Amino acid sequence: MQILARPSNQRAHAMNQRLEGYVNRLLRGFDRQREALGLRGRKGYYNDDTYEFEGGARDALRAKHYDKSLRLLWKAQEHAPWMSFRDCTHDEMQLLAMAEKSLTPVEKAARKRVNTQAFRDRLNACYTPQQKQAIVNILAMIGHGEAYAWMVSSELLNEVRSTGGRAAMTMQVLEEAKHFVVLRELLQAFDCPIPRMNAWEYLLLERTYKSKGLEKFFGMNVVVEGFALSLFGMMGALPELDILKLFHRDESRHTALPSNYLHEFPLSWWDKNNPAKRLRRLSLVLPALPIFMLIEADLAEIGIDSFDFGGSLARKILKLSDRVGFKLPLTQAQVTRLFNELFNAYCRATRSDFVRKDFLSAETTTGQEELDIEAEVFMLKTA
Ligand SMILES: [Fe+2]
Ligand SMILES: [Fe+2]
C-alpha cells in the first residue's frame, strides 16, 4: 500500500508548536508552583516525559503479579459451570468441548447434569443442614471481606508507585471483584440465610479501609487476606468446595504483594517504627481476636478447633508483618506469647478437661500444594 503525503502549511505548524510550548510551560509551571506552596498541583501520578508512572517501570513487580495473574486467570464458567457466569472466551469454550470429547459417556452425562439444582442436590447429599449453615456463616465472613478487599485495593491502586506496582494492583482489583461475585453465588446455592458482618469484622474492615496510604497494606494484604488465605487453605479440601483452592492461589499473590512492593519501595525507618503507627497496627489486630470465639461453634460443626485456626493464622501473619517491616509495639515472640495466653485462658474457662496447648504452633491448612504456597508467601521456611 502506498501512502501519499498531503501538503501542509509548515509556517502554521511551527506557530502551533510554539503556542503549545508556551501553554505547556505555563500550565506545568503553574502546577509546580502550587505544589511548592503545598497546594493541589498535578493530580495524575504519571510521568509523561519517561512514559512511566512515578516510580519507574519496576518490571519485576509486573512480572510477579500482573503476568502471573493473567497466567493463572481462572474462569467461573469452566470451574463452576452451574453458576450464571459466561466468562469463557470462544477459544476456551472450544478447548472445553475438545476435553469433553475424551470423557466417557457416564462422565459426559454427569457434566451435562451440572446445573444449579444438581449442585444444590450434591451439597445436600454431602452436608447436614447444620453443617451447611456453619459453612455459610464462615464463608459469608470472607464474602463481606471480599467486598472490602475490592474497595481497599481500588483505593490502593492510586497509592502505589511505578508502572509495575499499578499493573500488580490492577490485577488485585479484578480478582477481588471476581471473588466477591463468585463467592456470593456459591453461598446462595447453599440455600441458607447469609448472615451480616459481625461487629469485630466490621471494626477490622472499616478501620483497614480508613487506614492512610500504604498502611492499608498491613490491614488488608497482611491481616485480612492472611485470614482469607488460611480459611481457603483449610476449606478447599471440603466436598464440593474445591473452587476455593483457586481463591487460595489468588489470595497468595495478594498476600505476597506487600513484601514484593516494599522490596522495591521500602518503608522509611520512621514509617516502620513510628510509635503511633505501631500502636495502631496492634489496635487493628486485637479487636479481631473475639472473632475466633464467635466462630468457634461454626468451625466445631465442621470438625475444626477455632483456636487451632486462630493460632495457625496468627503465627503466619505475625511472621509476615515482621519481615515486611510493619512493626508492632511488642516483638513477634511477645505477641505470640500474648495470643497463646489469651487463647489458653479462654479455653480453660469454657472447656471441660482442657489441657494447655501451644495454639500458635498449630497448622490448619490442608493439602501439600496449599502448604507449599503458604510457606512461600509467609516466608515460613526462611529463618
Ligand atoms: Fe479476595
Ligand atoms: Fe485478595
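Predicted model: local features only at pLDDT ≥ 70, side-chain atom pairs only at ≥ 80, totals over all residues.
A residue counts as buried if 20 or more other C-beta atoms lie within 10 Å of its own, as exposed if 12 or fewer do, and as partly exposed in between, with C-beta atoms placed from the backbone. Residues are numbered from 1 along each chain as its sequence is written, and chains are lettered from A and ligands numbered from 1 in the order in which they are written.

**Overall layout**
- The chain has 18 helices and two strands, taken as DSSP runs numbered from the N terminus (helices are H or I, at least four residues; strands are E, at least two).
- Along the principal axes, the C-alpha atoms fill a box of roughly 90 × 65 × 40 Å.
- Take the contacts (C-beta atoms, placed from the backbone, within 7 Å) between residues at least 6 apart in sequence: 74% of them join residues at least 24 apart.

**Nonpolar core**
- A nonpolar core is a set of buried Ala, Val, Leu, Ile, Met, Phe, Trp, Tyr and Cys residues joined through C-beta atoms within 7 Å.
- The largest one here has 72 residues, and I138, V222, V223, V224 and L231 touch the most other members.
- Helix α10 gives the most to this core, with 13 residues.
- Beyond its neighbours within four places in sequence, I138 is in contact with L231, I295, D298 and L299.

**Helices α7 and α10**
- Helix α7 (residues 129-156) packs on helix α10 (residues 215-235) at about 150°, with the axes 10 Å apart; axes are lines fitted to C-alpha atoms over the stretch in contact, and angles run from 0 to 180 degrees between N-to-C directions.
- That makes α7 roughly antiparallel to α10 (over 145 degrees; under 35 is roughly parallel, 65 to 115 roughly perpendicular, the rest oblique).
- On the α7 side the contact includes I138, I142 and G145, and on the α10 side M220, V224 and L231 are among the residues.
- By class, this contact has nine nonpolar, one polar and three charged residues (Ala, Val, Leu, Ile, Met, Phe, Trp, Tyr, Cys and Pro are nonpolar; Asp, Glu, Lys and Arg charged; the others, Gly among them, polar).

**Helices α2 and α11**
- The axes of α2 (residues 59-71) and α11 (residues 244-264) come within 9 Å and cross at roughly 160°.
- That makes α2 roughly antiparallel to α11.
- L61, K64, H65, K68 and S69 of α2 meet R253, L257, N260, Y261 and E264 of α11.
- This contact divides into three nonpolar, three polar and four charged residues.

How values were computed. Contact = placed C-beta atoms within 7 Å.
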